[in-house]
Amino acid sequence: MKPKTLILRTAGTNCDRETAHAFELAGAEVEFIHINRLLQDKNLTGRFQMMAVPGGFSYGDDISSGRIFANQILHHLSDAMQRFVADGKPIIGICNGFQVLVKTGLLPGELAGRSGQNCTLTHNTNGRFVDRWVRLSSRSHKCVWTRGLADLELPIAHAEGRFVPADDQVRRALWADDRVALVYVRSDGSSPQSEEPWNPNGSVDDIAGICDASGLVFGLMPHPERYVSPLQHPAWTSQRPRPTEGAGLQVFRNAVAHVEAALGAGV
């Protein structure tokens, strides 16, 4: 049996189909579950070995990006989500999904002796919606989703992608506990030190993605599900050597491989 992924949806979610396609290419089965169904039956999560909170504009981002969706999870599904992770099951939040997981406190989790929300994702420093490709580099050794990744390119599309820790103590703890999973880098792999266009939103320490203490919960602003085929890259005709798949697919392959090894497919 293939491992099963729960794609969690709500009003305004619009990257669920691409996310499902990526998981299917990586060898998983998927099922779309609306948040209202999960609120009615929290035990639904037990049928799945992975979970994804896709990108989009949940509830129109009317208060702030991901806040309403996050509050639903925080106040009604916190125990179910914590149990999911405690059972060794990976969760990914992409773009709006990253914003949701950060605002629930699931990411980065308890840190520097503090639980609850200790980071945020806020308005880009340039004050604009940014839609472009960025170069990234993997930093974490514990993150299940980024294992084996080095430098890669992925597309972004966000207006509130600037990652900001609550204070310098939290910032230092993120690095000390190996929870910084991805950073924005220049074309030569060096740090942009928050300079545009390499750091597209002004994120502190050029942080593009983080994980929790277990390495199972992962959130990132770039969209790996939008680069699973080499044909999706804007320069695919001139790439040498030509890739056989998009770099984002490895993110999903890593999670599937972890589930198959650690949990057993179909558990």
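**Helix H1 and the overall fold of a predicted model**

Me: Which residues of helix H1 are buried?
Reply: Helix H1 spans residues 16-25. A residue counts as buried when its relative accessible area is under 20%. On that criterion the buried residues of H1 are Asp16, Thr19, Ala20, Ala22 and Phe23.

Me: Why do these buried residues lie on the same side of H1?
Reply: The residues concerned are Asp16, Thr19, Ala20, Ala22 and Phe23. They are on the same side of H1 because the arc they cover around the axis is only 160 degrees.

Me: What radius of gyration does the protein have, and what would a compact globule have?
Reply: The protein contains 267 residues, so a compact globule would have a radius of gyration near 18 Å. The value for the protein agrees with this, at 17 Å.

Me: Among contacts between residues at least 6 apart in sequence, what percentage join residues at least 24 apart?
Reply: The protein has seven helices and 11 strands, and 53% of its residues are buried. Of the contacts in question, the share joining residues at least 24 apart is 76%.

Key: Residues are numbered from 1 along each chain as its sequence is written. This is a predicted model: local features need pLDDT of at least 70, side-chain atom pairs count only at pLDDT 80 or more; totals for chains, interfaces and linings use all residues. Side-chain values use heavy atoms; hydrogens and water are left out. Buried means under 20% relative accessible area, exposed over 50%, partly exposed in between (1.4 Å probe, protein chains only). Helices (H or I, at least four residues) and strands (E, at least two) are DSSP runs, numbered from the N terminus. The arc is that of the directions from the helix axis to the C-beta atoms. The radius of gyration is taken over C-alpha atoms; the globule rule is 2.2 Å times the number of residues to the power 0.38. Contact means heavy atoms within 4.5 Å.
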